[in-house]
Amino acid sequence: MAQSPHLHAPWWNPDVFSERRSYLRQRQKITAAMRRFFTHNGFEEVETPILQISPCMEPHVHAFGTRMREPFDPGPGEPLYLHTSPEFAMKKLLVAGVPKLFQLAHVFRNAERSRTHHPEFLMLEWYRAHAGYGDLIEDCIGLLRATARALGKSRIEWRGHVCHVFEEWERLTVCEAFERYADIDLMQHVGTDPHQPDPAVLAGEAERIGIRVAADDSWEDIVLRILGERIEPHLGLAHPTVLMDYPISMAALSRPKPRDPRLAERFELYVCGLELANAFGELIDPEQQRARFSADMDLRERLYGDRYPVDQDFLAALEHGMPPSAGIALGFDRLVMLLTGAGSIDDVLWCPVASVSLPQA
């Protein structure tokens, strides 16, 4: 089979760029429909700084670091990071009194580049004061339907899957998913402390169904491997799937469920087997949050040999009083990729991040 004459041409080559032009025109329509949706529902659009003291507290997310110097300062400057999410700043705005807010933010994550990942991407985040994660599910339904309608589509077709966004969505708990697709009663394999589950309790079940387990795997590592290999490929195939009620140890920023504190008010949205969004009923207790941050950074230091500073200003805002809230982060480029049927996230970006491994002019 003859190779495309554009295979090794740079992205800005007019012939190469023209192949993506249709995706980018649809992206503009999706962006406009998204903003109309939030404006119609009473949200305020905000902008927060990309440079932050703390990029995130997730142990497995890698940030880009930099330094900020004051004018005429010959010193090395203050260490700052490109944020991996605008979450901390947006929650401060909740404390400040903005009750419903959204942001389409450029965010940055190192060591992530694939057909569905990009080191710089657009994150759509929104928060509701005095709301729960159930309200965010309804937001997701409305948003996906509004953006699909803007393209004149009644369904999403991506990589051989068809997902009907205008029909009833599937709501599935993590425990139900483990029983259905992995034949594992997950909460029977936690151990004595749901906040620090024992990996040895779950390792045998994983090996029973053919999942590889390493000696140094944490309980969360094993859960994520089972999710990735046995469960996620089944999610969001005919209808969008809301995978909800995660074990509390896997939701550092989420509040516990009142009826079962072993679980957290967290859900992830899947469409055509691809994770699209991650949502929380937000944790607002500053002492619990401080303890979780410390535990997560201890884990990061054991795994990667470094840790990120805690945003003490964020904890001070929680101490001042953050209203009961719910928040969600949605990968906007992924949404565009799904709605347009593009095969790669690069296809829906105006300009990809440069790389020395990419063709040069």
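Leaving aside its neighbours within four places in sequence, which residues is Leu124 in contact with? Please also describe the surroundings.

Guide: A word on the model comes before the answer. This is a predicted model, in which local features need pLDDT of at least 70 and side-chain atom pairs count only at pLDDT 80 or more, while totals for chains, interfaces and linings use all residues. Residues are numbered from 1 along each chain as its sequence is written, and side-chain values use heavy atoms, with hydrogens and water left out.

With neighbours within four places in sequence set aside, Leu124 is in contact with Met34, Phe38, Phe102, Gln103, Leu104, Leu143, Ile328, Ala329 and Leu330. Contact here means heavy atoms within 4.5 Å.

Consider next strand E6, residues 120-129. Helices (H or I, at least four residues) and strands (E, at least two) are DSSP runs, numbered from the N terminus. Nine of the 10 residues of E6 are buried, so the strand is largely enclosed by the rest of the structure. Buried means under 20% relative accessible area, exposed over 50%, and partly exposed in between (1.4 Å probe, protein chains only).

E6 has paired strands to consider as well. Two strands pair if DSSP finds at least two bridges between them. Strand E5 (residues 100-108) pairs with E6 in the antiparallel sense over nine bridges, and Phe108 stands opposite Glu120 in E6. Strand E14 (residues 325-331) also pairs with E6 in the antiparallel sense, over seven bridges; in E14, Ala326 is the bridge partner of Arg128.

Leu124 also has a place in the largest nonpolar core. A nonpolar core is a set of buried Ala, Val, Leu, Ile, Met, Phe, Trp, Tyr and Cys residues joined through side-chain atoms within 4.5 Å. Of the 47 residues in this core, Phe38, Leu124, Trp126, Ile156 and Phe267 touch the most other members. Helix H3 (residues 133-150) supplies the largest share of the core, nine residues. A second, separate core has 28 residues, including Cys175, Ala182, Leu186 and Ile211. In soluble globular proteins, nonpolar side chains tend to be buried together.

Just after H4, Asp183 takes a positive phi of about 55 degrees.

Helix H5 (residues 199-208) contains Ala200, which is exposed, with a relative accessible area of 58%. Ala200 and Glu120 are 80 residues apart in sequence and 37 Å apart in space, C-alpha to C-alpha.

A further helix, H8 (residues 312-321), has Phe314, Leu315, Ala317 and Leu318 buried. Seen down the axis of H8, its buried residues fall within an arc of 155 degrees, so they line one face of the helix. Helix H2 (87-96) and helix H7 (286-304) are what the buried residues of H8 pack against.

Notes
Arc of directions from axis to C-beta.
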